[in-house]
Amino acid sequence: MSSVQEVNPTVRGIRAPTSLQSLAARIREEIKQGAQKPFRHVIDVSSGDPHRAGMAPISFVRQVLAVCFYPNLLKDEGLPLDVRQRAQQLLGVCTGGSVGSYSSACCGIPYVLKSVAEFIMRRDGGMSSHPEDIIFSNGSQKGLMMILHLMASGEGETQTGVLIPMPCPHTLPVLLDDNGLTLVPYQLMEDRGWAVDLDELRRALKAARGRCEPRAIYISNPGNPTGHVQDRKTIEEVIRFAATEGLVLLADEMYQDSVHGQEKEFISYNKVLFDMGNEYSEAVELISFHSLSSAMMGECGLRGGYMEVINMDPAVKKHLKSMQCPLSPAVIPQLALEVMVNPPTPGDPSYGTYYQEILHSQTTLSANTQRACEFLNDLPGMNCQPAMGGVFLYPCLHLPPQMIDKAKMLGVEPDVLYCQKLLEEEGVCLGPGCENGQEDPNYHIRLCVLAPPATLEEILARLRSFHLRLLDKFP
Ligand SMILES: Cc1ncc(COP(=O)(O)O)c(C=O)c1O
């Protein structure tokens, strides 16, 4: 039995994405072969992948990468000057001046790591950040996997445990399980907009001690899939808790660019830690993650991310840095990351377009979140907490008891059955809450709302038809 199930027996169906994704692929293939369906195409918004949902990439990123791929474009005056200058600069830091060469740096090209450190300093109001503390990986989850792998030890009551929010990002239980760590669940407070609660952290830790060896706490801020944005007071509480209990803090901040709730702002764990003074800033081990898969970039397929490692024992850090060696990470995502953390600024030829594109994504995200939340709350048997950041909504489903019984008879989680039927009947692929570790009978669904507004409308209309039919069938 997996460690996930041992501590939280209700975390089931964690590998269900495979079955829903393969069902979606099968339906797409049937449509291609001419099968008649009530819909013409499948829309998959089960993961935070805005491009999959139809959002356009940011031009500056793609233009710079295009020139890096094909340097003859350096002479193309149809491209903005700053695009060509940036590409030249980036090609200059690639081995042999080509993106086709292996990079010789296992934790990332030094120039890119320096840009990341400068970005962190600008973001966090000038506090220091050092390229030596930054490690690039092909996707932030790869970085997280390296940390989990590093922390894994023991078995049974000595096995490393990690405190994980419930609900959690849907890939997380599998990452823990694969690396032999025990998932220690702490519940987020749905009725308080999915806030973190200090008493609940204490309860979860106490319950886990003696059953495993809790060594870290994972935080997703802004929350995936909850959309909750932590305030400074909460972050301070979590940092104090980690300090008192000797836990490593893993702060997943990949949606830091997507806060849209009124009077909400993203504050990094790094900033708060340093604002708390030496007692904490020199003691708490903090690892923060950010990624090209962020809301505004949405470059999930490029697979690029970084972690910033603070207060880690130098020997451990050295080992961590050697973990990708001798296989250096891919070059293109590193260049894309450099562009993400160092975008055009006012006065640059590309600034106007860049600004308009980011603004468009931000307004789309904010309007879609509000629209979808109101829409879902108007459906009978559905309740949705407003999201303040991130790309997901995560409504609670009050399923008819007959449907729950039917699902149990079929040996499927009721929220998985709901998603399967929705996919088969309406061609919309959502994520079932059990993948996020949600406890039975607390059913939820997960949908990425960063999509073109017309696509969102189509998703909502199809979802409503299905949902109302279901309630009619099981009154
Ligand atoms: C827990 C978690 N962190 C980070 C990410 C983004 O990861 P990556 O940078 O590997 O695309 C995801 C994406 O699903 C995630 O689930």
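Modeller: Strand β10 (residues 392-393) runs antiparallel to β14 and is joined to it by two bridges. To be clear on terms, strands are DSSP runs of E with at least two residues, helices are runs of H or I with at least four, and both are numbered from the N terminus. Two strands pair if DSSP finds at least two bridges between them. Before going on: this is a predicted model, in which local features need pLDDT of at least 70 and side-chain atom pairs count only at pLDDT 80 or more, while totals for chains, interfaces and linings use all residues. Residues are numbered from 1 along each chain as its sequence is written.

Back to the pairing. Leu393 has Leu447 as its bridge partner in β14.

Six of the six residues of the strand (residues 443-448) are buried, so it is largely enclosed by the rest of the structure. Buried means that 20 or more other C-beta atoms lie within 10 Å of a residue's own; 12 or fewer makes it exposed, anything in between partly exposed, and the C-beta atoms are placed from the backbone. In a regular strand the side chains alternate between the two faces of the sheet. In β14, Tyr443, Ile445 and Leu447 point one way, while His444, Arg446 and Cys448 point the other way, and all of them are buried.

The protein is divided into domain 1 (3-55 + 355-473) and domain 2 (101-341), with bounds that come from an automatic or database domain assignment. Their C-alpha centres lie 26 Å apart. The contact between them takes 39 residues from domain 1 and 41 residues from domain 2, where two residues are in contact if their C-beta atoms, placed from the backbone, lie within 7 Å. On the domain 1 side, α1 (3-7), α14 (351-378), β10 and β14 each supply at least two residues. Helix α14 gives the most to that side, with six residues.

What about the core? The largest nonpolar core has 127 residues, and Val64, Leu249 and Val449 have the most contacts inside it. Such a core is a set of buried Ala, Val, Leu, Ile, Met, Phe, Trp, Tyr and Cys residues joined through C-beta atoms within 7 Å. Both domain 1 and domain 2 give residues to this core, so it lies between them. Leu249 touches Ile217, Ile219, Ile239, Ala242, Tyr269, Val284, Glu285 and Leu286, leaving out residues up to four places away in sequence.

Stepping back, the protein has 17 helices and 14 strands. Its radius of gyration is 23 Å, close to the 23 Å that the globule rule gives for 475 residues, so it is as compact as a globular protein of that length. That radius is taken over C-alpha atoms, and the rule is 2.2 Å times the number of residues to the power 0.38. Along the principal axes, the C-alpha atoms fill a box of roughly 65 × 55 × 40 Å. Of the 475 residues, 47% count as buried. Among contacts with a separation of 6 or more, 71% are between residues 24 or more positions apart.

How far to trust all this? The mean pLDDT is 94, with 96% of residues at 70 or more; pLDDT is the predictor's confidence in each residue, from 0 to 100. Over residues 1-17, however, pLDDT is below 50, and this stretch has 46 contacts in the model beyond near neighbours in sequence. Where pLDDT is low, the predicted coordinates should not be read in detail.

Most residues other than glycine have a negative phi, and most peptide bonds are trans. The bond from Met166 to Pro167 is cis, with omega near 5°, and the one from Asn224 to Pro225 is cis with omega near 10°. Glu263, not a glycine, has a positive phi of about 55°.
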